Amino acid sequence: MEQETSFASVLRDVHRRFAAAPLSYGHGTGNAWDEAVALILGVTGLRDARSSLDARLEEEQAATIRNLAERRVKERRPLAYLLGRAPYCGEPFHVPEGIVVPRSPIGPLLTDGLRPWVESPARILDLCCGSGCLGILAAKRFPNASVVLADIDPLAVSTARRNVAAHGLEHRVEALQSDLFCGLHAGGSATGARYDLILCNPPYVDANSMETLPPEFALEPALGLDGGSDGLALMNRVIGDASAFLAGQGILIGEVGEGARRLEARWPGVPFFWPDLPAGGTGVFLLHADDAP
C-alpha cells in the first residue's frame with residue numbers, strides 16, 4: 001500500500017518517529033514536533049506548516065523527507081547537516097558539516113536592534129564567525145556599516161564568504177582568516193581598524209562538558225566548541241585585547257554560556273552587563289570600551 005504524501009500525514013509520521021527516538025535538540029528546535037516541521041519545510045521550501053497541512057507533497061519529496069528522518073534517528077546527525085543549511089533568526093544560512101550550527105542568543109539581540117546600547121555602528125567585527133551568521137545579521141540590521149568576519153578555521157572563512165555572497169553583501173562584508181585579533185593587521189580593509197561593535201561567540205564548552213556532549217553536539221567540530229579547561233580560554237584573550245580594537249564608544253558583545261560566574265571571577269572589577277535575552281537563555285554580556293581592562 002502506498003504511503004500518504006500529504007503534508008499532514010508525512011508530518012505525523014516523522015513526528016512519531018522522532019518522538020520515539022532518544023534524540024537531543026537545540027540546533028534551532030527544542031522538541032520532536034518542531035524538528036519534524038523544520039525537516040519538511042527544509043525539503044519542500046514551504047513557508048510554514050499551518051498553511052500547508054492540506055498540501056500534497058511530491059512522492060520524491062515525501063521519500064526524501066522519510067529517508068532524512070531515518071538518518072536523523074540512526075546517525076543522530078543535526079538536521080542542519082542533513083539539509084546543508086539552517087534557518088536562523090529568519091534568515092537562511094549554508095551550514096556544511098564541520099561548521100557549528102547557528103543558535104547563539106546574540107542573534108535575537110541583533111534583530112531586536114541592540115537598543116538602547118548600540119545606535120549606528122560604522123564598523124563591526126564578528127570574531128569566531130563560523131558560518132558568518134552574526135556578522136551578516138548585523139550587516140542587515142545596520143545597512144550603513146562595514147563588517148569584518150574573522151575565524152581561524154579556513155572552512156569557516158570559506159563558508160562565511162559563501163553566505164555573504166548568498167545574502168548579496170560582498171560590497172561591505174568581508175571574511176578573513178585570523179586567530180582572534182592576531183590576523184587583523186595582516187592586510188585587507190581591516191588593517192589597523194577600530195570597531196564600534198565587536199561580536200564574539202567563541203568556543204566556550206569546558207573540558208568536563210566536552211566529554212558528555214550528546215551525539216548531535218559531538219558531531220560538531222571541537223574547534224568550534226572546546227573552550228579549554230574552564231571554557232574561557234578564548235574569551236579571556238578577547239577581553240584582554242579588546243581595548244586595542246574597540247573605538248572610543250565601542251561595545252564588545254560576547255557569549256560564554258554557563259561560564260558567566262567564572263568570567264566575573266576571572267575579571268574582578270570589570271563591569272560586565274548581562275542583558276535579558278529575547279529568546280531566553282543566559283551567558284551573553286556587553287562590555288563598553290571604557291570598561292575594558
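**A walk through the predicted model**

Mentor: Happy to. Let's start with F181, which is buried, with a relative accessible area of 4%. Keep in mind that this is a predicted model.

Trainee: Which residue forms an aromatic pair with F181 that is stacked?

Mentor: The structure holds 6 aromatic pairs. In the one of interest here, the ring centres are 4.3 Å apart and the planes are at 15 degrees. Planes under 30 degrees apart count as stacked, so the partner in this stacked pair is F245.

Trainee: Is F245 buried or exposed? And how many residues apart are F181 and F245?

Mentor: F245 has a relative accessible area of 8%, and buried means under 20%, so F245 is buried. F181 is in the loop between strand 5 (173-177) and strand 6 (195-200), while F245 is in the loop between helix 10 (233-241) and strand 7 (246-255). The pair therefore links distant parts of the chain, and the separation is 64 residues.

Trainee: Which residues form one aromatic cluster?

Mentor: A pair of aromatic rings is described by the distance of the centres and the angle of the planes. The residues in one aromatic cluster are F272, W274 and F285.

Trainee: Thanks! On to the helices: how are helix 1 and helix 3 oriented to each other, roughly parallel or roughly antiparallel?

Mentor: Their axes come within 10 Å and cross at roughly 10 degrees. Angles under 35 degrees count as roughly parallel. Helix 1 and helix 3 are therefore roughly parallel.

Trainee: How many residues of the contact of helix 1 with helix 3 are charged?

Mentor: Helix 1 contributes V10, D13, V14, R17 and F18, and helix 3 contributes A62, I65, R66, A69, E70, R72 and V73. Of these, 7 are nonpolar and none is polar. The number of charged residues is 5.

Trainee: Next, H27. Which side chain does the side chain of H27 join in a polar contact?

Mentor: H27 is in the loop between helix 1 (7-19) and helix 2 (32-44), and it is buried, with a relative accessible area of 14%. Leaving aside neighbours within four places in sequence, H27 is in contact with P78, V101, R103, E216, F217 and E220. The polar contact, at 3.2 Å, is with the side chain of E220.

Trainee: And what is the distance of the polar contact between the side chains of R76 and S24?

Mentor: R76 is found in the loop between helix 3 (59-75) and helix 4 (79-83). R76 is buried, with a relative accessible area of 15%. Beyond four places in sequence, the contacts of R76 include P22, L23, S24 and E216. The polar contact between the side chains of R76 and S24 is at 3.4 Å.

Trainee: How far apart in space are P105 and G257, C-alpha to C-alpha?

Mentor: P105 sits in the loop between strand 2 (91-94) and helix 5 (106-111), and counts as buried at 15% relative accessibility. Not counting residues up to four places away in sequence, P105 touches E255, L277, G280 and V284. P105 and G257 are 152 residues apart in sequence, and their distance in space is 9.6 Å.

Trainee: One last item: what is the C-alpha to C-alpha distance of S158 and L176?

Mentor: S158 lies in helix 7 (residues 154-166) and counts as partly exposed at 39% relative accessibility. S158 and L176 are 18 residues apart in sequence, and C-alpha to C-alpha the distance is 9.1 Å.

Notes
Residues are numbered from 1 along each chain as its sequence is written. This is a predicted model: local features need pLDDT of at least 70, side-chain atom pairs count only at pLDDT 80 or more; totals for chains, interfaces and linings use all residues. Side-chain values use heavy atoms; hydrogens and water are left out. Helices (H or I, at least four residues) and strands (E, at least two) are DSSP runs, numbered from the N terminus. Buried means under 20% relative accessible area, exposed over 50%, partly exposed in between (1.4 Å probe, protein chains only). A polar contact is a pair of N or O atoms within 3.5 Å; within protein, one must be able to donate a hydrogen and the other to accept it, and residues adjacent in sequence count only if both atoms are side-chain atoms. Contact means heavy atoms within 4.5 Å. Axes are lines fitted to C-alpha atoms, for helices over the stretch in contact, and angles run from 0 to 180 degrees between N-to-C directions. Angles under 35 degrees count as roughly parallel, over 145 as roughly antiparallel, 65 to 115 as roughly perpendicular and the rest as oblique. Ala, Val, Leu, Ile, Met, Phe, Trp, Tyr, Cys and Pro count as nonpolar, Asp, Glu, Lys and Arg as charged, and the others, Gly among them, as polar. Rings of Phe, Tyr and Trp (its six-membered ring) pair if their centres lie within 6.5 Å; planes under 30 degrees apart count as stacked, over 60 as edge-to-face and the rest as tilted.
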